[in-house]
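Dear colleague,

Please find below the structure that I am handing over to you, with its sequence. My notes on it follow directly after.

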Amino acid sequence: MANFPPLQNDLFLRVARGDATERTPVWMMRQAGRYLPEYQAVRADHPFFEVVNTPELAAEVTLQPIDRFPLDAAIIFSDILVIPQALGLEVQMVSGKGPHFPNPLDTPADLERVTDQEANAVLQPVYDALTHTRHELNGRVPLIGFAGAPWTLMAYMIEGGGSKSYRNARRWLYQHPESSHELLNTLATLIGQYLIKQVDAGAQALQVFDSWAGLLGPSLYRTFGIPYLESIVRTVKEAHPDVPCIAFAKGAPYAQPALAAAGYDALSLDWTMSPETIRAEIDTDIVLQGNLDPCALYSAPDDIRRQVQHMLAAFGPQHHIANLGHGMHPDHDPDHAGVFIEAVHAFSETMRAV
Ligand SMILES: Cc1c2[nH]c(c1CCC(=O)O)Cc1[nH]c(c(CCC(=O)O)c1C)Cc1[nH]c(c(CCC(=O)O)c1C)Cc1[nH]c(c(C)c1CCC(=O)O)C2
């Protein structure tokens, strides 16, 4: 294993592992991205997947928000859609539109095209990016690795891009339940191995993004969501029991107790969920992450500070990782992200003083 520089700020990791701390750690989903002019400058010269697949560029972009703000964690610059690419599907990133699959899965017969033969070759640049970024970070903050959850990736693979209802993907669950399980199982197996190798390459914590969990409802999610998220965390923990795993099942409050029971160390909540309600439903003092509405960052600085204060009060001082309830938007003002981060520092220290 590579000889990485010693970690100087372990606040995020201590909270993720369940320890009490002197301040609430903070990071932001999509903290690297288009709202930062320095990111736009890199993207002006390099297509999205070139940045992802070039370790020096991925490291540069991962570090941009760390250089700008007093964040407590970095998240590797990559995308959840590298897994569909690793399974043989072409994915293009169309500027202004988002991801596009020229040949999405249409019927179960298309599962023949889904193969992991090239997976190691396709994913190696992500591992190299993690190792390089971990060195470049020089121990300033821990490095988070991530993957998309099986259901969310299945939704993109069938729909072929973004969609409001993902009805083609949801139609599969009803019309082709066996093929759906086959695809979800293929995804979960690869994702488990992928996350283990991310840790081997330098990731110090992991987050699984199930961005479209909320489309399924309690019953379908119990059948097609939870079992695969459970098998992923079980596989990862067998290899790396001490690496914190965070689950983000967006829009699915009904999934949170099951994800806690499945073995996730922390649950990332979106802004529609109440931390008090979720906590009351789970009998351990599990770590919660979140959950300021990203659109709250459009408010004036003093309003952002007030909203951060309310958020911190709702979660309580311990077992909380401050974050947004979803990712940064491209038209966010970077200074407002700074106000959010500084407010978490200030108020979470004051909370402990009283
Ligand atoms: C659903 C999803 C995707 N990707 C991701 C998710 C799960 C989280 C979520 O729900 O937002 C995860 C992701 N994507 C990206 C990261 C990087 C790390 C970070 O800073 O958080 C992470 C963690 C970079 C990115 N991934 C993408 C961008 C913007 C692309 C660009 O530079 O043109 C970035 C910075 C592209 C992407 N990739 C994806 C979409 C829908 C888009 C288009 C979004 C848009 O246009 O706003 C798929």
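I begin with the two stretches that UniProt, in an unreviewed entry, lists under "domain: Uroporphyrinogen decarboxylase (URO-D)", namely residues 25-34 and 144-160. In residues 25-34, the C-alpha atoms at the two ends are 23 Å apart, and the span is 0% helix and 0% strand. For residues 144-160 the end C-alpha atoms lie 27 Å apart, with 59% of the span in helix and 29% in strand. Please bear in mind that this is a predicted model.

The sheet

Seven strands make up an open sheet with parallel pairing, in the order E1-E4-E5-E6-E7-E8-E9. At its edges are strand E1 (74-75) and strand E9 (320-324), each of which pairs on one side only. Strand E4 (residues 143-148) is joined to strand E5 (residues 205-210) by five bridges in the parallel sense, and Ile 144 stands opposite Ala 205 of E5. E5 is in turn parallel to E6, again over five bridges; here Gln 207 is opposite Ile 246 of E6. E6 and strand E7 (residues 266-268) also run parallel, joined by two bridges, and Ile 246 has Ala 266 as its bridge partner in E7. Helix H11 (residues 226-239) lies across E5 and strand E6 (245-249), at about 170° to E5.

How enclosed is E6 by the rest of the structure? Five of its five residues are buried, so E6 is largely enclosed. In a regular strand, side chains alternate between the two faces of the sheet. In E6, Cys 245, Ala 247 and Ala 249 are on one side, Ile 246 and Phe 248 are on the other, and all of these are buried, so that both faces are covered.

The ligand and the annotated positions

The ligand is surrounded by 22 residues, the closest being Ala 32, Gly 33, Gly 98, Phe 209 and Ser 211. By class, this shell comprises eleven nonpolar, seven polar and four charged residues.

Under "binding site", the unreviewed UniProt entry lists Arg 30, Gln 31, Ala 32, Gly 33, Arg 34, Phe 49, Asp 79, Tyr 156, Ser 211 and His 326. These positions span 297 residues in sequence and their farthest two C-alpha atoms are 22.6 Å apart, so they do not all gather at one spot.

Two of the listed positions may be described further. Gly 33 lies in the loop between helix H1 (11-16) and helix H2 (37-45). It counts as buried because it has 20 C-beta neighbours inside 10 Å. Apart from neighbours within four places in sequence, Gly 33 is in contact with Tyr 39, Met 328 and Pro 330.

His 326 is placed in the loop between E9 and helix H15 (334-353). With 24 other C-beta atoms within 10 Å, His 326 is buried as well. Its contacts, again leaving aside neighbours within four places in sequence, are Met 29, Lys 250, Asp 270 and Pro 294.

Leu 36

The loop between H1 and H2 also holds Leu 36, which is buried, with 20 C-beta neighbours inside 10 Å. Not counting residues up to four places away in sequence, Leu 36 touches Gln 64, Pro 65 and Pro 334. Leu 36 and Gln 64 are 28 residues apart along the chain, and their C-alpha atoms are separated by 8.2 Å.

With kind regards

Terms used: Residues are numbered from 1 along each chain as its sequence is written. This is a predicted model: local features need pLDDT of at least 70, side-chain atom pairs count only at pLDDT 80 or more; totals for chains, interfaces and linings use all residues. Two strands pair if DSSP finds at least two bridges between them. Helices (H or I, at least four residues) and strands (E, at least two) are DSSP runs, numbered from the N terminus. Two residues are in contact if their C-beta atoms, placed from the backbone, lie within 7 Å. Axes are lines fitted to C-alpha atoms, for helices over the stretch in contact, and angles run from 0 to 180 degrees between N-to-C directions. A residue is near a molecule or strand if its C-beta atom, placed from the backbone, lies within 6 Å of it. Ala, Val, Leu, Ile, Met, Phe, Trp, Tyr, Cys and Pro count as nonpolar, Asp, Glu, Lys and Arg as charged, and the others, Gly among them, as polar. UniProt positions are given in the numbering used here, feature names are shortened, and annotations may be inferred rather than shown by experiment. A residue is buried if 20 or more other C-beta atoms lie within 10 Å of its own, exposed if 12 or fewer, and partly exposed in between; C-beta atoms are placed from the backbone.
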